[in-house]
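This report goes through selected features of the structure shown below. Please keep the sequence and the model at hand while reading.

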Amino acid sequence: MMEHIRNFCIIAHVDHGKSTLADRLLQLTGTISERDMMNQVLDSMDLEREKGVTIKASAVRMVYTAQDGLDYELNLIDTPGHVDFNYEVSRALAACEGALLIVDATQGIEAQTLANLYLALESDLVIVPVINKIDLPSARPDEVAQELENLMGYPAEEIVRISAKEGINVAQVLELVVNKVPPPKGNASEPLRALIFDSHYDSYKGVIAYVRVNEGEIRSGDSVKLMVTGAVVKPVEIGVFSPGMRPVDALRAGDVGYVATGLKTVAECRVGDTFTNPQRPAAAALPGYRKAKPMVFAGIYPTEGEDYPDLRDALDKLQLNDASLVFEPETSQALNFGFRCGFLGLFHMEIIQERLEREYDLDIVVTAPSVEYEVIMTDGEVLRVDSPAQLPDESLISEIREPWMALQIFSPTDYFGTIMDLISKRRGVFVSQEHPAPNRVQLNFEIPLSELIVDFFDALKSRSRGYASMDYQFLEYRPGNLVKLEVLVGGEAVDALAAIVHKENAYHKGQALVSKLKELIPRQLFDVAIQASSGGRIISRANVKAVRKDVLAKCYGGDITRKKKLLEKQKRGKRRMKMVGSVEIPQDAFMAVLRLEEE
Ligand SMILES: Nc1nc2c(ncn2[C@@H]2O[C@H](COP(=O)(O)OP(=O)(O)OP(=O)(O)O)[C@@H](O)[C@H]2O)c(=O)[nH]1
């Protein structure tokens, strides 16, 4: 019965308690027993648990007996908690009729509270605000309730105040879901349309698509057609999450469940696509399909050349589950064989890097991230360049365009000055400001993405003592006065150290990079010249003086085991070096380009 279904999600700024509340709801409805209660069931990846951030959306069905004595089917759809995954958030929201908006009583409204709220409003969801963490001594629920009333007109005194951690007032949240969130609409006898709002790869059943059926029904045994890609598949199984996968005979209009497709990669079954019935297809796919586009690029290389096949396998495996990760083989004269990888954002890149190191136990070198530039050649051709080393000769270029973002920063008003200063150092442009809450300001800027991907978030956090938060979206490509900055070590250009920088900053950055490299490159058996060049001119240089490296000299020819240990140690140290020509460059140096900012 559709009147007894509620499809809802929880939206919040990172760390405001979304997963903790989800756990409590599962417990209260007996969906999961105390004994089986792992912390944060919905975040199924270990890494997510450690980072405390939800990466992948998932869904779970609960049965709740409300105060009116009736049983309700509550489908809780989890949404990813970070700006890089905005598109996935928007699809998860499109599968719901309502959203619980969680706000931390000690923090109040923050950038992603607003960003998620606006996304939810775009999807026409009913929003139910909830104030969490009232158990904390620093909680200020009255103030936060007032902020919420000012923001969305929801009467402050009606906003439920809870502690997800201590279980205070959580039952009221379930009643609110039943009473405030409308039941789904949609006709089960119309042609099938089911939205894919998430997916994951399962080694037995292939790609599992998480679906919300809008109209029609899927019966077990029916084939389904993907409306965007045109592919027809015969599902291995259909079912619901309660919370494990439980097969069912049919999913009908209003239902949330899964379709086990048997497909091999999530790229064949993309989030945002629509399932229909090939025998009786719907006229049009559900709106909003968009292919996720990588925005940030970096080279990933194995420290040891022999690990190259393992790295490729690991990337292949990660891609099975992550359609937004792209990669292709790349060769660097400094780092040999590796991969050029594309990510949705810097945070997505960090996650992939960590998973390669931890889950796949790989030693890798990641080069400084770059954005994708549009290069207009003098003959009118347009090149897309995501690796500084590939930028053609300056004389052939008529214009370089770079991606600009709309950036929102949400902060206590005290940090206004220091934030404005950071923005101007990063070539940002002020657009407007709003005051959604007392003593809080939302600043709107436009800024090149290349300036955001180098330590921007850390700089913002340190300047605001952790209080400011941010969100960003792609705006457009704009021409910029950009040049290639090259680094030569021992007279050889090191491709992995090249960068594309704003012309005004080239001199300063070249100098900073050279002095940083001078610190990082160990003394060798000969003098090593480090130079920065731009537009064919050397703009900075330094020398690393020669030293005689004789590690055994200290041993006085005595203790043989000690000698062995020293040699072992030196060998291990070497592994973290890369040979460029005849010069050893440590891994750190390749990231040095990144850390030049704030100095
Ligand atoms: N004191 C207190 N701490 C809470 C409460 N709810 C959550 N927390 C803590 O706040 C932190 C973040 O909670 P999560 O539930 O992981 O937050 P989240 O919003 O799911 O975070 P992301 O997955 O990163 O988006 C954890 O350390 C929780 O234990 C609460 O009601 N009171």
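Which residues does UniProt list for "binding site"? The unreviewed entry gives Asp15, His16, Gly17, Lys18, Ser19, Thr20, Asn132, Lys133, Ile134 and Asp135. The model itself is predicted.

## Listed positions in the model

Asp15 sits in the loop that links S1 to helix H1 (18–28).

Asp135 sits in the loop between S5 and H5. Asp135 is also partly exposed, because 14 other C-beta atoms lie within 10 Å. Leaving aside residues up to four places away in sequence, Asp135 is in contact with Ser163, Lys165, Glu166 and Ile168.

## The six-stranded sheet

An open sheet with mixed pairing is built from 6 strands, in the order S2-S3-S1-S4-S5-S6. Strand S2 (59–65) and strand S6 (160–161) are at its edges; each has a single partner strand, so one side of each lacks a neighbour in the sheet.

Strand S1 (residues 5–12) pairs with strand S4 (residues 98–104) in the parallel sense, over 5 bridges. Within this pair, Ile10 stands opposite Leu100, and Ile11 has Leu101 as its bridge partner. On S5, Leu101 is partnered by Pro129. The pairing of S4 with S5 is parallel too and comprises 7 bridges. From S4 the chain passes through H4 to S5, in a right-handed β-α-β crossover.

How many residues of S4 are buried? The count is 6 of 7, which means that S4 is largely enclosed by the rest of the structure.

Helix H5 (residues 141–152) lies across S4, S5 and S6. Relative to S5, H5 runs at about 165 degrees.

Strand S22 (residues 373–377) and strand S23 (residues 382–385) run antiparallel and are joined by 4 bridges. Tyr373 stands opposite Val385 of S23. This hairpin has 4 residues between the strands, and Gly380 takes a positive phi near 90 degrees.

Definitions and conventions
Residues numbered from 1 in each chain as written. Predicted model: local features only at pLDDT ≥ 70, side-chain atom pairs only at ≥ 80, totals over all residues. Pairing = 2+ DSSP bridges. Helix = DSSP H or I, 4+ residues; strand = E, 2+ residues; numbered from the N terminus. Contact = placed C-beta atoms within 7 Å. Axes fitted to C-alpha atoms, helices over the stretch in contact; angles between N-to-C directions. UniProt positions renumbered as here; feature names shortened; annotations may be inferred. Buried ≥ 20, exposed ≤ 12 C-beta atoms within 10 Å, placed from the backbone. Right-handed = clockwise from strand over helix to strand, strands pointing away.
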